[in-house]
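Let's take a friendly walk through a protein structure, with an eye on its strands and its aromatic rings. Have the 3D view ready and follow along.

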Amino acid sequence: MNLLSIKPAYSFMLAIIIVFSVFLSAEPVTAGVAQTTDTVSTADLEFTDVKPAVTTDSAKVARAADSVTAKPTSIKTAGAVATKDAEQPKTLWQIFIAGLVGGFAALLMPCIYPLLPLTVSFFTKKAGSRSKGIWHSIIYGVSIIIIYVTLGFLITLIFGSDALNALATNGVFNMFFFLLLIVFGASFLGAFELTLPSSLANKLDQNSDKGGMAGLFFMAATLVVVSFSCTGPIIGTLLVEAASKGERLAPALGMFGFSLALAIPFTIFALFPSLLKSLPKSGGWLNSVKVVLGFLELGFALKFLSNVDLAYHWNWFDREVFLSLWIALGIFLFLYLIGKIKFSHDSDLPYLSVPRTFFAVIVFAFVVYMVPGLWGAPLKSISGFLPPTATQDFNLTNLTEVADAAPEQKGSIVQKKNEKLFVNGKHAGFNEWYDFDQALQVSKELNKPILIDFTGWNCANCRKMEADVWSDKEVHKRLANDFILLELYVDEKTELPAGEQVVSKFSGKKIKTIGNKWSDFEASKFNVNSQPYYVIVNAKGEVLVPPQGANYSVQNYIEFLDSGKAAYEKNNGRN
């Protein structure tokens with residue numbers, strides 16, 4: 001296997017594909033949650049306007065408090081504010097980019113890459129003229145896009161938007177996705193090939209001999225079928241990721257990005273055939289790309305297994321177990337890149353090329369970066385992928401300073417409701433509550449505002465906010481001392497007592513679980529169904545400042561907390 005033949009431009013492209021494949025998937029977007037939730041007994045939320053403080057200076061915070069009005073606004077108004085924080089455009093853009101990256105990765109597969117010069121040469125010769133060949137190439141590329149986008153739309157039509165929404169936290173589907181990605185990874189590593197029936201490929205190939213646009217369309221369909229052994233795992237992973245985001249257009253948009261990346265090269269090389277000479281020759285390096293993607297597939301699969309473990313409280317896939325498996329995969333990938341291990345379909349590697357060496361260094365550095373996480377290091381760059389730090393059994397991180405900052409919130413409540421269910425979600429130095437009614441009571445007794453944190457076990461952005469923002473000393477001090485922290489998990493699978501299972505007035509669906517209850521509460525009261533979502537209220541349930549979603553600016557979060565505290569003190573007549 002010789003990578004020296006890869007020219008710098010293509011080496012750089014391969015590096016981008018590998019790095020982006022890791023980091024784009026490491027920060028998945030806010031998990032959508034179905035609006036199949038409950039009605040909450042405290043339905044008398046009111047909203048009080050306040051202009052958020054723009055600085056942490058005490059005098060300016062005080063002036064922000066002066067802007068509070070006693071007249072509450074309607075829930076619809078607050079809902080309109082909340083909707084601004086919805087992250088759907090960002091989610092769809094990330095799905096599109098992931099599709100684009102996946103498409104470029106597919107181009108470097110052994111099933112597709114060698115077809116580039118053959119297909120473009122075929123168009124040029126069959127057309128008889130360069131202009132006609134270009135036109136045929138464009139139709140061919142558009143046909144590829146139509147086929148894949150249609151596949152994306154079919155996924156939505158078959159499952160429906162509600163079903164796609166539920167995939168993010170459904171245990172059966174997450175386990176299915178885990179097993180599916182394991183199969184995809186094994187396929188890329190060479191255990192077997194995923195192929196569609198040869199009769200289908202033969203039929204499409206026969207139709208491709210027809211003239212006109214129909215023939216070109218069937219040529220594109222033949223490419224899709226023949227290359228399935230290489231593109232299937234990438235498409236499957238992309239559709240799994242897109243579907244689990246709960247976005248109606250996500251599968252189609254992901255397929256558009258994927259097909260666009262496949263179609264563009266055929267058109268470009270048809271426009272400029274001389275560029276074909278600059279392409280590196282096919283060889284063992286193509287299989288290396290396949291194997292690298294196989295290891296990535298296995299790494300992604302573990303996230304879905306972690307989702308199931310957290311949601312159903314199995315408690316056997318802790319943070320250090322997850323990291324150990326990732327580190328092991330990284331070590332094996334590193335050994336493969338330097339030629340110490342080889343799979344059955346690999347060529348010999350007599351020496352290391354410069355690009356391969358660079359990739360090996362990147363992988364080894366990533367492994368070294370993850371190792372301290374086994375002893376509790378936060379690993380902020382991949383925190384969204386990892387299980388919560390509370391699942392860590394062996395933690396040497398010095399949390400004494402922040403842990404001492406949380407005062408004990410004594411009151412008349414002896415036992416926190418459902419506290420045992422959320423042990424794995426606890427944060428060092430905080431005093432969390434998990435029931436809205438109890439939080440209102442504690443707020444009244446301790447004379448502190450409530451920070452509602454709509455979160456979830458499978459919410460990647462929630463973990464990132466906790467690792468990047470809540471870990472800041474100033475933010476931590478405010479959360480620990482100035483607020484009643486109420487964490488409402490919208491994907492908790494524990495069933496409610498029979499007497500609390502009701503039909504939601506908002507969605508018309510039966511509320512069976514704790515997660516259903518708080519998801520419906522968020523959707524019905526704030527017109528938002530994304531996590532994390534932060535709302536500051538007083539003991540009467542009045543919203544003090546405009547809520548906000550994920551924002552990784554520490555300064556922004558400090559201003560948000562300070563403005564909420566100032567509004568609370570103003571309304572409660574405190575100086």
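Strand E3 (residues 432-433) and strand E5 run in the parallel sense where they pair, and two bridges join them. Keep in mind that this is a predicted model.

- Look for Thr455, which stands opposite Tyr489 in E5.
- How many of the residues of strand E5 (residues 484-489) are buried? Six of its six residues are, and the strand is described as mostly covered.
- In a regular strand, side chains alternate between the two faces of the sheet.
- In E5, both faces are covered: Ile484, Leu486 and Leu488 are buried on one side, while Leu485, Glu487 and Tyr489 are buried on the other.

**Aromatic pairs**

- The structure holds 27 aromatic pairs.
- One of them joins Trp326 and Phe366, a tilted pair with 6.4 Å from centre to centre and 50° between the planes.
- Trp326 belongs to helix H14 (residues 319-337) and Phe366 to helix H15 (residues 354-370), so this pair ties together parts that lie 40 residues apart in sequence.
- Is Trp326 buried or exposed? Its relative accessibility is 9%, and because buried means under 20%, Trp326 counts as buried.
- Phe436 and Phe521 make another tilted pair, with 5.0 Å between the centres and 55° between the planes.
- Phe436 sits in helix H17 (residues 436-446) and Phe521 in helix H20 (residues 514-526), so the pair links parts that are 85 residues apart in sequence.
- Phe436 is buried, with a relative accessible area of 1%, and Phe521 also counts as buried at 1% relative accessibility.

**An aromatic cluster**

- Some rings can be viewed as a group: Phe300, Tyr312, Trp314, Trp316, Phe317, Phe322, Trp326, Phe366, Tyr369 and Phe385 form one aromatic cluster.

**Charges over rings**

- Where does the charged end of Arg356 sit? You will find it over the ring of Tyr336, 5.3 Å from the ring's centre.
- For Lys464, the charged end sits over the ring of Tyr552, at 5.2 Å from the centre of that ring.

Note on methods. Residues are numbered from 1 along each chain as its sequence is written. This is a predicted model: local features need pLDDT of at least 70, side-chain atom pairs count only at pLDDT 80 or more; totals for chains, interfaces and linings use all residues. Side-chain values use heavy atoms; hydrogens and water are left out. Rings of Phe, Tyr and Trp (its six-membered ring) pair if their centres lie within 6.5 Å; planes under 30 degrees apart count as stacked, over 60 as edge-to-face and the rest as tilted. Helices (H or I, at least four residues) and strands (E, at least two) are DSSP runs, numbered from the N terminus. Buried means under 20% relative accessible area, exposed over 50%, partly exposed in between (1.4 Å probe, protein chains only). A charge sits over a ring if NZ of Lys or CZ of Arg is within 6 Å of the ring centre and within 35 degrees of the ring normal. Two strands pair if DSSP finds at least two bridges between them.
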